[in-house]
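Thank you all for making time this morning.

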Amino acid sequence: MDDKNNKNVPQPTATSPVATEQTAPAPSQPVPPVPQPLQQGVPMQPKKGLSKGALWGIIGGSIGLIVIVVGIVLAVIFLGGPSKADYQEAAKTLKEFDGNSLNSALKSSNADNAKKLIEEGVGRADLMMKKLDSSKIMRDEETKKSFGEYKTAYEKVRPNMLAIASLIGDMKDFSKKCSPSYFSYIGKPADEVRKLYDEKMSGCYQLLDNIIKSEQKEVQDFGKQMKEYYKALGDFFVARANKDYSVQAPRLSSGRSNPLSNFAKKIQESNLQKHEKDFVNLVKEKAEK
């Protein structure tokens with residue numbers, strides 16, 4: 001009975017596990033993005049580059065390295081000592097200059113030729129000095145010191161040589177044009193003596209006027225003193241013609257001398273030959289090592 005009764009009683013409906021799972025909301029899971037294929041014609045995004053600060057740092061470092069390298073190269077080139085070849089080249093320059101032409105010029109009997117030789121010699125000496133001054137051998141302190149002494153002596157000699165060149169013609173004519181003789185006017189009347197003397201000395205006065213125009217003060221002084229002397233000498237001759245014995249013969253100052261001699265003395269005092277010889281010997285010695 002019980003079984004029959006049980007059949008008539010409605011039983012609770014059992015829920016299947018599958019149905020339960022379907023009805024209960026499932027927790028959401030993150031879904032990874034599906035990579036999309038690259039579309040043709042669409043550029044890729046560039047990667048982020050270096051910052052400006054980093055870029056300038058790299059550039060600055062590179063430039064600094066280049067400067068250092070260039071500095072080392074220049075130091076080797078310009079600060080290195082002179083080579084044997086440099087001294088041989090300097091010796092060649094010295095040999096090409098012939099200073100004997102200057103000595104020959106001073107002994108020349110032709111004033112124009114002497115002037116030309118002196119000016120040409122000074123011009124060659126100037127070029128030689130300039131070439132040596134810029135030579136690589138000046139990187140050597142001993143050589144530079146010796147050349148400095150030689151150059152200083154030359155700079156003292158140079159203006160005196162040019163002064164001699166400008167004056168040598170006039171001074172060679174001086175002895176010819178400015179040599180009056182008292183005996184030429186003995187026994188002649190004063191007026192005639194004056195006339196004859198002025199005619200005789202006209203060339204001398206012109207020469208002295210030219211000498212006075214010189215840029216050298218001692219040459220100017222020489223011209224002025226000599227012109228005053230010869231004017232006074234003419235007055236003395238005229239006074240003697242007039243039987244006036246109260247007028248004394250003029251005298252030249254004891255300190256006066258031919259300016260050519262003064263210039264030659266200054267050249268000698270410069271010791272140019274000694275300094276030149278020392279420098280030439282030093283260059284030859286280093287050129288042969």
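A word on the source before anything else: what you see is a predicted model, in which local features need pLDDT of at least 70 and side-chain atom pairs count only at pLDDT 80 or more, while totals for chains, interfaces and linings use all residues. Residues are numbered from 1 along each chain as its sequence is written, and side-chain values use heavy atoms, with hydrogens and water left out.

Let me start with the overall picture. The secondary structure of the protein consists of eleven helices and zero strands, where helices are DSSP runs of H or I with at least four residues, strands are runs of E with at least two, and both are numbered from the N terminus. Of the 289 residues in the protein, 27% are buried, and here buried means under 20% relative accessible area, exposed means over 50%, and partly exposed is what lies in between, with a 1.4 Å probe and protein chains only. If we take the contacts in the protein with a separation of 6 or more, 74% of them join residues 24 or more positions apart, a contact being heavy atoms within 4.5 Å.

Now to the helix pairs, and I will keep returning to helix α7. Helix α6, residues 111-133, packs with helix α7, residues 141-177, at an angle of about 165 degrees, and their axes are 9 Å apart; the axes are lines fitted to C-alpha atoms, for helices over the stretch in contact, and angles run from 0 to 180 degrees between N-to-C directions. That angle makes α6 roughly antiparallel to α7, given that angles over 145 degrees count as roughly antiparallel, under 35 as roughly parallel, 65 to 115 as roughly perpendicular and the rest as oblique. The contact of α6 with α7 has, by class, 16 nonpolar, two polar and seven charged residues, where Ala, Val, Leu, Ile, Met, Phe, Trp, Tyr, Cys and Pro count as nonpolar, Asp, Glu, Lys and Arg as charged, and the others, Gly among them, as polar.

What about α7 and α10? Their axes come within 9 Å and cross at roughly 160 degrees, which makes α7 roughly antiparallel to α10. On the α7 side the residues that meet α10 include V157, N160, M161 and A163, and on the α10 side they include P259, L260 and F263. By class, this contact of α7 with α10 has twelve nonpolar, one polar and one charged residues.

With α9, the packing angle of α7 is about 20 degrees, and the axes are 13 Å apart, so α7 and α9 are roughly parallel to each other. The contact is made by L167, M171 and F174 of α7 together with V219, F222, M226 and Y230 of α9, and its residues divide into seven nonpolar, no polar and no charged.

In soluble globular proteins, nonpolar side chains tend to be buried together. In this model the largest nonpolar core has 54 residues, and those with the most contacts inside it are F174, Y197, L208, I211, Y230 and F279; such a core is a set of buried Ala, Val, Leu, Ile, Met, Phe, Trp, Tyr and Cys residues joined through side-chain atoms within 4.5 Å. Among the elements that give two or more residues to this core are α4 (84-96), α8 (190-212) and α11 (272-288), but α7 gives the most, with 13 residues. Leaving aside its neighbours within four places in sequence, F279 is in contact with L94, L132, I137, M138, T143, S146, F147 and Y150.

T93 sits in helix α4 and counts as buried, at 7% relative accessibility; apart from neighbours within four places in sequence, T93 is in contact with M128, K131 and L132. T152, in helix α7, is partly exposed, with a relative accessible area of 40%, and although T152 and H275 are 123 residues apart in sequence, they are 9.3 Å apart in space, C-alpha to C-alpha. V238, in helix α9, is buried at 14% relative accessible area, and, not counting residues up to four places away in sequence, V238 touches A190, V193 and R194.
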